[in-house]
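Here are my notes for your read-through. Please keep the model open beside them and check each point against it.

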Amino acid sequence: MESFEEIADEEVPKEPRIYVSQSLRRLTREILATKTQNCFTQTKRTEITMIQIAFSIGLDSIWRFPYLCHRNGGGSFILVYFFMLLLFGIPLLYIEMIMEQWLRVDNVRIWKQLVPWLGGIGYASIMVCILVSLYNSVIIVWSLSYLSHSFDHPLPWNECPLVKNINVTDLSCLRTVSHQYFWYHTTLSASGHIEEGVKALVLHLTLGIFAAWFLLFLIMITGLKVSIPMLIFSVFLLYILLCLFIRSLFLEGAIASLRRMVTIELSAWASLDLWRQAGSHVLYSLGLGMGTIINLSSCKTGGSNYAQVASLMALVNLVTSLLATSIIFIVLGFWAATSGHACVEKGVSKLMKLIDDGVLPQDAKPPENILLQPPLDYLDWISNLPRHLQDQVIRFSPSCSIKAQKEKFMEGPGLAFAAFSQVVSLFPASSLWAILFFLTLAVTELSTLIRILEGIVVPFQNSIFRNYPQLLSAVVCLGGFLGSFVFTSRPGSYIMSLFDDRLVPLTLITIVAFQNVALAWIYGAKRFREEISSELGHFLWSFFTFLLCYMTLPGLLALLIICLIQLYQRVPPYYIAWNSSVTQEVKQPYPQNTLGWVTFLSILTLLPIPVHPLYQWWHLQDHIASERFEKPLSKKMPLAPIKHFAWPKHRLVKSNFKMQEGNSESSLKAFSLTLDKGPDVVPLRQSNLPSSVTSQDSSWLSLPRISSLTSMLSIRSASLVPSRQVSPISTEIDNSDKHGETKENHKKSVQ
């Protein structure tokens, strides 16, 4: 009897207890899953933020910004760059980060979904990535070349190179600093002008190009993740730059050089070239227009962090650029302070010491009145020495310019390499510092190049080469290797400067301008703001939409006009070349055929933008013709009514899932109701909900139409392909709608 009562006591509440436990268990499981996902999201958010910041510390901050700043007057360029960074650099970076988190597709499909008739913007971005990756691979080769020479002791750029056949022309090493001489003669084997063409390739540069692209190929096919190494080496690079900056502060003329760097000359702002180069570097340094930010897939991080991350990326990039520029300006001031008579005095004192020590014979003793004569007389005295004494005197001469430099020492792209090689040679154990610095420089640029190649590989992997990723990697790396040959020739550095200074800025500004027009005026800034606010839970800062509509587009158009004026003006633009006869850099105008190549490559890069709508229109006509052929009109057949496409509404499923952080129990129950019904569930926007709930959700999530032009483009693009054209908001739930649509189409066909 007792056992029966015990069994009865257990069986009476058994059924409701199981029901309650299942509900609580399901709710507990979902809450724990939510907490786990939130922890994972927080970890992933920090990792992605650090990767984005590390990407902003690219080689453009160390290599490109300093020589642009030096060429355009120092402080004047810095102020204009900072102004443009606030005007359209940070806002456009902020918008790209939001678009990447919102749609989570590659840089080609994102524009096909937003504005289908301007889907060619994504393909134009791929073309720009190809151009940038080609000449950025040469910068890796330059770093590897310096790295290979860093194992020599003493460092080879600290003195004039030893040659067997000494003649008068070898005195050119004494007319300039040995670091500049090493750059043009040893690293580049540079020619005197760009008209020489690609006749012969420099052997060690060609081997370096092969090594760089082969290493990139191995990384791509093995799927090696470079995010963490890129972060580590970026932090290590900042540490090395800080050490180099502290050491350079003890050089002669350091304070005067820093003062000249921050001096602002208002007359410099009248130069259109300054505004063009500052604006194009803002786009280049932040990766705008290349799809690198959009392709950086990550988890959703909440809208309140986008502006902070964008501002932090721009700030870190600016600080790194200013730190590297400070070092280079100090080195330039040191070269200027030790040139001319100061260099002659240093050379004479060093020769006298070597003669007293017995290293050099007495015949190498300079004349007594040599210090009272011009510096060029010192060179004439060396040229009149016997050849065996010339070899020894040139070898032991200090690394300074005997010839007084009235102009700037260097303005070309190699300024950073020559200046940093000077600083690392001043440290004790200089070879070790050189190895660390140039190795870090090469790895940093390699990581940046991998991010750029993602803008090429990711869209094709999602469309054409989905089943053959290794074949795509082989094609991209082989094409990059063959295309980079032009930069390994003797005038290759001049061609690279043409790409970097004229071609890429023109195409980047044009692409970003089209992106701005497509998002702000065709898709609609207000519509974009409302959809993003419903996705993220709160409205975006309205000032960004104001900048997007009324500030960034006029600024981009002004930059585009300046680029065209500078390219096609009567006086052709110039490039910096090395004149070995006078042993200094000279300005030479670009030939007309070279500017013709710039025009051709620009048109080829931007060609997908006008070709894509023509492709859309052609297939639209074929689709209409095929429909007329399959369904001929009859007298009794009524005309089909015009279907008005409403703007897509917000995903209620994702909205309920995102609201569970604030109200866990109610949102989890609502979310579980939609998920537990299986694959045959009717979408929420088509379900039989109460009218009050439906009307409330519809009024909350409905968006206004923008213009008749935009709706016409959306209608025409919606009927373009047999499969249903979806909006970017409803992309992720289209698979759940297909079953319901199939049933409706079957019912209509039966009727």
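**Notes on the predicted model**

1. Of the 751 residues in the protein, 51% are buried. The model is predicted. It holds 29 helices and 2 strands. The accessible surface comes to about 36100 Å². Carbon and sulfur atoms account for 64% of that surface. Take the contacts between residues at least 6 apart in sequence: 83% of them join residues at least 24 apart.

2. Confidence comes next. The mean pLDDT is 76, and 72% of the residues reach 70 or more. Among the elements, helix α6 (residues 120-149) has the highest mean pLDDT, at 94. Helix α27 (residues 691-701) has the lowest, at 34. Over residues 632-751 the pLDDT is below 50, yet this stretch has 121 contacts in the model beyond near neighbours in sequence. Residues 163-169 also stay under 50, with 6 contacts beyond four places in sequence. Where pLDDT is low, the predicted coordinates should not be read in detail.

3. How do α6 and α8 pack? The axes of α6 and helix α8 (residues 178-188) lie 11 Å apart, at an angle of about 110°. Angles of 65 to 115 degrees count as roughly perpendicular, so α6 and α8 are roughly perpendicular to each other. From α6, the contact uses Trp-142, Ser-145, Tyr-146 and His-149. From α8 come His-179, Phe-182, Trp-183, Thr-186, Thr-187 and Leu-188. The residues of this contact divide into 5 nonpolar, 5 polar and no charged.

4. Pro-154 is found in the loop between α6 and α7 (172-175). A cis peptide bond joins His-153 to Pro-154, with omega about 0°.

5. Helix α3 (residues 64-71) is mostly covered, with 8 of its 8 residues buried. The buried residues of α3 include Arg-64, His-70 and Arg-71. Phe-65, Pro-66 and Cys-69 are also among them. Gly-73 follows α3 and has a positive phi, near 95°.

6. Thr-325 belongs with the previous point. It is found in helix α13 (residues 306-337). Is Thr-325 buried or exposed? Its relative accessibility is 0%, so Thr-325 counts as buried. Not counting residues up to four places away in sequence, Thr-325 touches Phe-65, Pro-66, Cys-69 and Met-261. Thr-325 and Phe-245 are 80 residues apart in sequence, and their C-alpha atoms are 9.7 Å apart in space.

7. Ser-497 lies in helix α20 (residues 492-536). Buried means under 20% relative accessible area. At 9% relative accessibility, Ser-497 therefore counts as buried. Leaving aside neighbours within four places in sequence, Ser-497 is in contact with Pro-413, Arg-502 and Tyr-590.

8. Two backbone angles deserve a look. Ala-429 has a positive phi, near 55°, in a residue other than glycine. Ala-429 lies in the loop between α17 (415-424) and α18 (430-461). At 52% relative accessibility, Ala-429 counts as exposed. Thr-583 is not a glycine either, and has a positive phi of about 55°. Thr-583 is found in the loop between β1 (574-579) and β2 (584-589). At 0% relative accessibility, Thr-583 counts as buried.

Technical notes:
Residues numbered from 1 in each chain as written. Predicted model: local features only at pLDDT ≥ 70, side-chain atom pairs only at ≥ 80, totals over all residues. Heavy atoms only, no water. pLDDT = per-residue confidence, 0-100. Helix = DSSP H or I, 4+ residues; strand = E, 2+ residues; numbered from the N terminus. Contact = heavy atoms within 4.5 Å. Axes fitted to C-alpha atoms, helices over the stretch in contact; angles between N-to-C directions. Parallel < 35°, antiparallel > 145°, perpendicular 65-115°, else oblique. Nonpolar A, V, L, I, M, F, W, Y, C, P; charged D, E, K, R; others polar. Buried < 20%, exposed > 50% of the residue type's maximum accessible area, 1.4 Å probe, protein only. Areas by Shrake-Rupley, 256 points an atom, 1.4 Å probe, with all protein chains shown as cover.
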